[in-house]
Amino acid sequence: RPIESTDKAGYYEFFKSLSQESVHMRFFEIMKDLSEEALENCCTLDYNQEIAIVALSQIERKIIGVARLIFDHSHNRGEFALIVADTWQGLGLGAELLKYTIQIAKDHKCKEIYYFVTSDNYKMIQLSNKMGFKVRSEDEDTLEMSLQLS
């Protein structure tokens, strides 16, 4: 479901449950905490500019994954970001969130989605390859993954 402003506490709990490795792979830096402003920015969105989808565990209804798509309307593309709880990685949740986000991008007339990944993020690189993304080296530590949608 789409993220809501009422998800701030749940998002914070999700963030605090992540390993430093997962945080680094998603945000490209080590972050020990999220400020109130960062939480607000993550959970209160202008859906004309950005969409975030949360995956919730069935029993506990806790956030276990977040996919985000930031629109660049002037170029008909969207920047994708994904993070999955450590205990849910490798089970296909990331792939499902990516597929869902691709459909959202198509519905919003995006011609391309792209994201940046560290060159040592083998799980995302493998997922990208499976989904047909093209790889471009941004710098020695960063890759840009892109998928043409039309």
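## Terms and model

In this report a residue is called buried when its relative accessible area is under 20%, exposed when that area is over 50%, and partly exposed in between, as judged with a 1.4 Å probe on protein chains only. Arg-1, with a relative accessible area of 36%, is therefore partly exposed.

The structure is a predicted model, in which local features need pLDDT of at least 70 and side-chain atom pairs count only at pLDDT 80 or more, while totals for chains, interfaces and linings use all residues. Residues are numbered from 1 along each chain as its sequence is written, and side-chain values use heavy atoms, with hydrogens and water left out.

## Confidence

The predictor's confidence in each residue is given as pLDDT, on a scale from 0 to 100. For the protein chain the mean pLDDT is 91, and 99% of the residues reach 70 or more. Helices (H or I, at least four residues) and strands (E, at least two) are DSSP runs, numbered from the N terminus. Confidence in the protein chain is lowest in helix α2 (residues 20-27), where the mean is 81, and highest in β2, where it is 96.

## The nonpolar core

In soluble globular proteins, nonpolar side chains tend to be buried together. A nonpolar core is here a set of buried Ala, Val, Leu, Ile, Met, Phe, Trp, Tyr and Cys residues joined through side-chain atoms within 4.5 Å. The largest such core in this model has 49 residues, and those with the most contacts inside it are Tyr-11, Phe-80, Leu-82, Leu-97 and Ile-113. Helix α4 (residues 93-107) supplies the largest share of this core, namely seven residues.

Contact means that heavy atoms lie within 4.5 Å. When neighbours within four places in sequence are left aside, Phe-80 is in contact with Ala-67, Arg-68, Leu-69, Leu-98, Thr-101, Tyr-114, Tyr-115 and Met-124.

Leaving aside neighbours within four places in sequence, the residues in contact with Arg-68 include Tyr-11, Asn-41, Cys-42, Glu-50, Glu-79 and Phe-80.

Ser-146 belongs to strand β6 and, with a relative accessibility of 14%, also counts as buried. Not counting residues up to four places away in sequence, Ser-146 touches Glu-112, Ile-113, Tyr-114, Phe-133 and Lys-134.

## Cysteines

Cys-42 is buried, with a relative accessible area of 14%, and Cys-43 is buried at 1% relative accessibility.

## Salt bridges

A salt bridge is a side-chain nitrogen of Lys or Arg within 4 Å of a carboxyl oxygen of Asp or Glu, and the structure holds 10 of them. Arg-1 forms one with Asp-7, the closest N and O atoms being 2.8 Å apart; Asp-7 is buried, with a relative accessible area of 8%. Glu-36 forms another with Lys-8, where the closest N and O atoms are 3.6 Å apart. Because Glu-36 lies in helix α3 (residues 36-43) and Lys-8 in helix α1 (residues 8-17), this pair ties together parts that are 28 residues apart in sequence. From C-alpha to C-alpha, Glu-36 and Lys-8 are 8.8 Å apart in space. Glu-36 is exposed at 53% relative accessibility, whereas Lys-8 is partly exposed, with a relative accessible area of 23%.

Glu-144 forms a salt bridge with Arg-77, the closest N and O atoms being 3.3 Å apart. Glu-144 lies in strand β6 (residues 142-148) and Arg-77 in strand β3 (residues 77-84), so the pair ties together parts that are 67 residues apart in sequence. Glu-144 is buried, with a relative accessible area of 10%. Salt bridges that share partners join Arg-77, Glu-112, Arg-136 and Glu-144 into one network.
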